[in-house]
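Please keep the sequence and the three-dimensional view at hand while reading.

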Amino acid sequence: MKSRFLGALGALSLFLAPGLASAEYPERPVTIIVPWSAGGATDLVARTIEPVLSEKLGATMVVSNIAGAAGTIGASEAATAKPDGYTIFFTPQGVLTVQPQLRQVPYSLDNFTAIGRASSAAYMSMVTQDSEYGSMEELMAATKADPGKIAYATTGIGTLPHLAVAALEQHLGVKVKQVPYKAAAEVGKAVLGGESQVMTEQVQSAEQFGLRPLGCWGAQACAYYPDVPLMKDLGIETVVEVSMGFYAPAGTPEEVVNKLSSALEQAMSDPELLAALEKQKITAAYLPPADFDATMRTEVVNNRKVLEAVGLLAK
């Protein structure tokens with residue numbers, strides 16, 4: 001009788017404490033929202049990391065591309081997702097550090113909890129292999145001589161590629177012909193197809209699309225392309241670099257964020273993943289949550305200065 005009573009009491013305790021009764025996180029697939037279409041630079045990094053991250057977390061993870069409006073549609077959906085760890089967000093910094101200062105969007109960095117940074121890359125201006133422009137100096141001279149002739153493809157107003165072109169405009173003193181596309185994959189196809197002549201994208205895009213880099217927008221020489229001249233050495237001081245990382249919606253339980261961060265840290269030290277990233281010229285650059293969050297908050301301030309300088313800061 002006593003043992004039956006204790007058994008019933010135990011069952012009642014579990015019923016009254018559903019957190020104890022339910023399986024530990026994760027108990028079902030986790031969705032990774034990427035705010036750009038499949039085939040672009042950000043998507044490439046996310047899909048390279050995802051299999052190893054899934055293994056370390058012990059859960060199936062599915063990449064969901066929600067593109068549009070310079071990444072803000074995907075960001076808005078991620079910000080309002082249920083904060084239970086089953087929807088997370090992988091994004092380059094501009095979606096969170098530039099767009100909320102450029103336009104009215106229903107989110108800010110405060111709507112997210114950092115899981116960790118995965119990679120870091122500078123941007124490069126690049127052309128097709130058979131382009132008539134042999135150097136960045138030639139391209140800049142031709143752009144200044146006939147601003148409407150050369151089309152610069154970007155991923156939309158207020159994105160980091162747009163800021164690079166705006167800095168180029170300011171340096172040359174002319175209005176450059178910009179053609180916005182929805183994502184880096186479309187930008188690459190446009191340049192390869194001759195619709196546009198130049199694109200400024202993350203380093204790995206040169207390998208991905210078979211393009212020839214002319215100028216590096218990094219503070220230091222671009223990884224994997226040390227001979228590509230720095231834009232600051234050509235007279236443009238603006239630095240355009242990107243951190244890409246994972247976030248959870250604000251309010252996600254700390255223990256869940258810790259599990260996700262631990263899995264990411266393990267993944268980013270996995271030799272097979274590091275080899276896969278290096279093969280695609282993607283620079284692994286893990287940062288834990290607190291450091292990643294601090295870095296992004298600094299970027300909010302830095303980007304505000306750039307947006308103000310080029311006249312794009314929201315009033």
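**Briefing on the predicted model**

The model is a predicted one, and the protein chain in it contains 13 helices and 10 strands. The points below begin with the whole chain and then turn to selected parts.

**The chain as a whole**

- The protein chain has 315 residues, of which 52% count as buried.
- Along the principal axes, the C-alpha atoms of the protein chain fill a box of roughly 95 × 45 × 30 Å.
- When contacts between residues at least 6 apart in sequence are considered, 78% of them join residues at least 24 apart.

**Confidence of the prediction**

- The average pLDDT of the protein chain is 91, and 93% of the residues score at least 70.
- Residues 1–22 have a pLDDT below 50, and this stretch makes three contacts in the model beyond near neighbours in sequence.

- Strand E6, formed by residues 177–180, runs parallel to E5 and is joined to it by four bridges.
- Helix H8, residues 160–172, belongs with E5 and E6 to a right-handed β-α-β unit.
- Strand E7, residues 198–202, also pairs with E5 in the parallel sense, over two bridges.
- Within E7, the residue that stands opposite Ala153 is Met199.

**Helix H4**

- Helix H4 spans residues 72–79, and six of its eight residues are buried, so the helix is largely enclosed by the rest of the structure.
- The buried residues of H4 are Thr72, Gly74, Ala75, Ser76, Ala78 and Ala79.
- These buried residues pack against strands E1 (30–34), E3 (87–92), E4 (112–127) and E9 (241–249).
- They also pack against helices H5 (94–97) and H6 (99–102).

**Ser243 in strand E9**

- Strand E9, one of the elements that H4 packs against, contains Ser243.
- Ser243 has a relative accessible area of 5% and is therefore buried, since the cut-off for this class is under 20%.
- A polar contact of 3.2 Å links the side chain of Ser243 to the side chain of Arg117.
- Leaving aside neighbours within four places in sequence, the residues in contact with Ser243 are Thr91, Pro92, Gln93, Arg117, Ser119, Ser120, Phe292 and Met296.

**The disulfide**

- A search of the whole structure finds one disulfide, and Cys216 and Cys222 form it, with their sulfur atoms 2.1 Å apart.
- The link of Cys216 and Cys222 is right-handed, with 90 degrees about the S-S bond.
- Cys216 counts as buried because its relative accessibility is 0%.
- Cys222 is likewise buried, with a relative accessible area of 3%.

Technical notes
Residues are numbered from 1 along each chain as its sequence is written. This is a predicted model: local features need pLDDT of at least 70, side-chain atom pairs count only at pLDDT 80 or more; totals for chains, interfaces and linings use all residues. Side-chain values use heavy atoms; hydrogens and water are left out. Two strands pair if DSSP finds at least two bridges between them. A crossover is right-handed if, with the strands pointing away from the viewer, the path from the first strand over the helix to the second runs clockwise. Buried means under 20% relative accessible area, exposed over 50%, partly exposed in between (1.4 Å probe, protein chains only). Contact means heavy atoms within 4.5 Å. pLDDT is the predictor's confidence in each residue, from 0 to 100. A polar contact is a pair of N or O atoms within 3.5 Å; within protein, one must be able to donate a hydrogen and the other to accept it, and residues adjacent in sequence count only if both atoms are side-chain atoms. A disulfide is a pair of cysteine sulfur atoms within 2.5 Å.
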